[in-house]
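Welcome, and thanks for opening the viewer. Let's take a short walk through this model, one selection at a time.

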Amino acid sequence: MLLMAFDSTQQALRAEMLLEYADIENDMCPTPKEVTAGCALSLEFPEEALVQVLQIIEEEKVEIRGIFCKKEGAYVTIVV
């Protein structure tokens, strides 16, 4: 699973709605303390949906802090 972090709750809720509309599995979760973000909410989604998620956030102008993957217990930025 990948993690998308946000600077605002509004953007997190908007992204959740857009991913659900596109039938992309996602789970709202607390932003891990290792990920610096302005919002306490993040979205987890399957790695295989990354290309589609990037297309949605670009087309819909969703403001994100970044997309992260967890490797060896630490979060690594894969998209800023």
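Begin with charged pairs: a search of the whole structure finds 1 salt bridge (a side-chain nitrogen of Lys or Arg within 4 Å of a carboxyl oxygen of Asp or Glu). Select D7 and R65, the two partners, whose closest N and O atoms are 2.4 Å apart. The pair ties together distant parts of the chain, 58 residues apart: D7 is in the loop between β1 (2-5) and α1, and R65 is in the loop between α2 (50-59) and β4 (66-71). Helices (H or I, at least four residues) and strands (E, at least two) are DSSP runs, numbered from the N terminus. Side chains of opposite charge can pair when their charged atoms come close.

This is a predicted model, where local features need pLDDT of at least 70 and side-chain atom pairs count only at pLDDT 80 or more, while totals for chains, interfaces and linings use all residues. Residues are numbered from 1 along each chain as its sequence is written, and side-chain values use heavy atoms, with hydrogens and water left out.

Next, show the strands. They form an open sheet of 5 strands in the order β2-β3-β1-β4-β5, with antiparallel pairing; two strands pair if DSSP finds at least two bridges between them. At the edges are β2 and β5 (74-79), each pairing on one side only. On average, neighbouring strands of this sheet are turned by 35° against each other, direction ignored.

Zoom in on β1 and β3 (residues 41-45), which pair in the antiparallel sense over 4 bridges. Select M4 to find its bridge partner in β3, L43.

α2 lies across β1, β3, β4 and β5, running at about 15° to β1. Axes here are lines fitted to C-alpha atoms, for helices over the stretch in contact, and angles run from 0 to 180 degrees between N-to-C directions.

Last stop: select N26, in the loop between α1 (9-21) and β2 (27-30). N26 is buried, with a relative accessible area of 10%. Its side chain reaches the backbone oxygen of I24 at 3.0 Å. Leaving aside neighbours within four places in sequence, N26 is in contact (heavy atoms within 4.5 Å) with E16, L19, E20, L43, E44 and F45.

Key: Buried means under 20% relative accessible area, exposed over 50%, partly exposed in between (1.4 Å probe, protein chains only). A polar contact is a pair of N or O atoms within 3.5 Å; within protein, one must be able to donate a hydrogen and the other to accept it, and residues adjacent in sequence count only if both atoms are side-chain atoms.
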